[in-house]
Amino acid sequence: MEKGLDYIFNERTKMIILGTFPSIQSRDICYYNNPQNQFWRIIADVFQDDEVITGDKDRRYACLLSNGVGLWDVIQTCQFEQKSSLDSKINKDSIVYNNFLLLQQKCPALKCLVFNGKNAKKLFDCYLKQETNEAVRTWLSGLTNNGKNVLPSTSPANARKKPEDKLREWKAFIKEHISGV
């Protein structure tokens, strides 16, 4: 079983960016640690902080948290059919989802969940289907704008969209949902 990374959010977090599961280059190190992933370049541009591109995980996470943004993945643990970082290689029967009820306790300022790509949203939908508490399902769905908060994946595997188009979409979304940016 592969284990994902711990959550990055606190009581001041307004938005949480949800991915699927960390890549091999990121597991046990830092979210979006693959240098080909555009995530930290986008964050550097949005928050005008170039140090997050080359900085260590503490510097990167501090930038996000100080701007009201958190990180987490939909999947807590899973197995891959082979050594891989591709979502398509995740054994669907092995998936254990993160405990999203934790958000109610830890993030009282939370206003929005956003997905880093369609796969994260698809997996979150699977989680919602298994959630038995209707009030929790409704609350979480509302935080995702009923599943509409999907941004283009920053992964290098997503080559369908140009980097500048991804940046424009991410920047517009974050600016709209985080006041003061």
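Residues are numbered from 1 along each chain as its sequence is written, and side-chain values rest on heavy atoms, with hydrogens and water left out. Because the model is predicted, local features need pLDDT of at least 70 and side-chain atom pairs count only at pLDDT 80 or more, whereas totals for chains, interfaces and linings use all residues.

D49 is located in the loop between α1 (39–46) and α2 (51–54); helices (H or I, at least four residues) and strands (E, at least two) are DSSP runs, numbered from the N terminus. Leaving aside residues up to four places away in sequence, D49 touches A44, R59 and C63, contact being heavy atoms within 4.5 Å. The side chains of D49 and R59 are joined by a polar contact of 2.4 Å. A polar contact is a pair of N or O atoms within 3.5 Å; within protein, one must be able to donate a hydrogen and the other to accept it, and residues adjacent in sequence count only if both atoms are side-chain atoms.

In helix α6 (residues 134–143), the buried residues are V136, L140, S141 and L143. They lie on the same side of α6, because they cover an arc of only 155 degrees around the axis, the arc being that of the directions from the helix axis to the C-beta atoms. Their cover includes α4 (102–106), β6 (112–116) and α5 (118–130). At the N-terminal end, α6 is capped by N133, with a side-chain oxygen 2.9 Å from the backbone nitrogen of A135. N145, which follows α6, has a positive phi near 60 degrees.

The axes of α5 and α6 are 9 Å apart, and the two helices pack at an angle of about 160 degrees. Axes are lines fitted to C-alpha atoms, for helices over the stretch in contact, and angles run from 0 to 180 degrees between N-to-C directions. The contact involves F124, Y127 and L128 of α5 and R137, L140 and S141 of α6.

D28, in the loop between β2 (15–19) and α1, is not a glycine but has a positive phi of about 65 degrees. D28 counts as exposed, at 71% relative accessibility. Q48 is in the loop between α1 and α2 and also has a positive phi, near 50 degrees. With a relative accessible area of 74%, Q48 is exposed.

Note on methods:
Buried < 20%, exposed > 50% of the residue type's maximum accessible area, 1.4 Å probe, protein only.
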